[in-house]
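Thanks for coming. I will go through one structure today, starting with how its parts are named.

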Amino acid sequence: MKVLIPIPNRDFDPTEVAIPWSILIMNNIQVIFATPNGKNGRADNRMLTGEGLGPLKWALMASKDAINTYNDMLQNRQFNNPIKYENIDVNMFDGLILPGGHDSGMKDYLESTVLQDKVRSFFEEKKPVGAICHGTIVLARTIDPQTNQSIISDYKTTGLLKRQELMAYYLTKNRVGDYYRTYTQTVQDEVINALTNKKNFKKGNMGLLRDSYKNLNRGFVVKDRHYISSRWPGDAYSFSLEFLKMLKKYSKEK
């Protein structure tokens, strides 16, 4: 099986890319990366170092295990040889993961109409699609031409919560300005506005503690048909393992 993970050239969240990558390859799933121009992508450095995040950087930056996994991923041949968005052939893949990130470099990914066209095809073919954090914005912005609505308009979903986004912003704005505000509209508000039933946006638990292999109950995942979503890096293990289950089920039914 083969899974596609599109990323921008810079500023993606290291946890939301590296943890799914690691869990998939450990289960003999091939992972292919795509960037806007086919050049290497790099994670948001502040999430790796905590620079400028102040005394709470331990809670805001990536965890040690995620950083170690990211460093392992940097040595991966597929990671270092991404394809261009325009060269994505949906027929080559069994599933799609849309990670997040919030610094300005993410906009080349979040606003790419080329990528949205490819994402629409994954949905049309009902292949497993996973989105976490800002990755849900890509789906909210991908329009079904038949209905002129988002392809997730009638799906249950989650995404980065408004309280999570604004808390990180207010805790750090004196040091790093609008770093945590990718857009003036929060992720939660944009995703909710794409839904026909606003109650289909699920918030889950408080989202203050990160999950892990040993603490999967801390994570939160929403599943609806072939689509799975989570809120932030603290859900990454739960998200990845549930996506893997969905992928294996899809493979058996194919």
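Helices here are DSSP runs of H or I with at least four residues, strands are runs of E with at least two, and both are numbered from the N terminus. Residues are numbered from 1 along each chain as its sequence is written. The model is predicted, so local features need pLDDT of at least 70 and side-chain atom pairs count only at pLDDT 80 or more, while totals for chains, interfaces and linings use all residues.

Let me begin with a loop. Between helix 1 and strand 3 sits asparagine 28. Is asparagine 28 buried or exposed? With a relative accessible area of 70%, asparagine 28 is exposed; the cut-offs are under 20% for buried, over 50% for exposed and partly exposed in between, using a 1.4 Å probe and protein chains only.

Next, helix 4, residues 64-73. Its buried residues are Ala66, Ile67, Thr69, Tyr70 and Met73. Seen down the helix axis, they fall within an arc of 165°, so they line one face of helix 4; the arc is taken from the directions from the helix axis to the C-beta atoms. An α-helix has 3.6 residues a turn, so residues three or four places apart point the same way. What do the buried residues of helix 4 pack against? Their partners are strand 2 (10-12), helix 1 (14-26), strand 3 (30-35), strand 4 (42-43) and helix 2 (45-49), where contact means heavy atoms within 4.5 Å.

To finish, one distance. Asparagine 28 and glutamate 165 are 137 residues apart in sequence, and 34 Å apart in space, C-alpha to C-alpha.

Technical notes: Heavy atoms only, no water.
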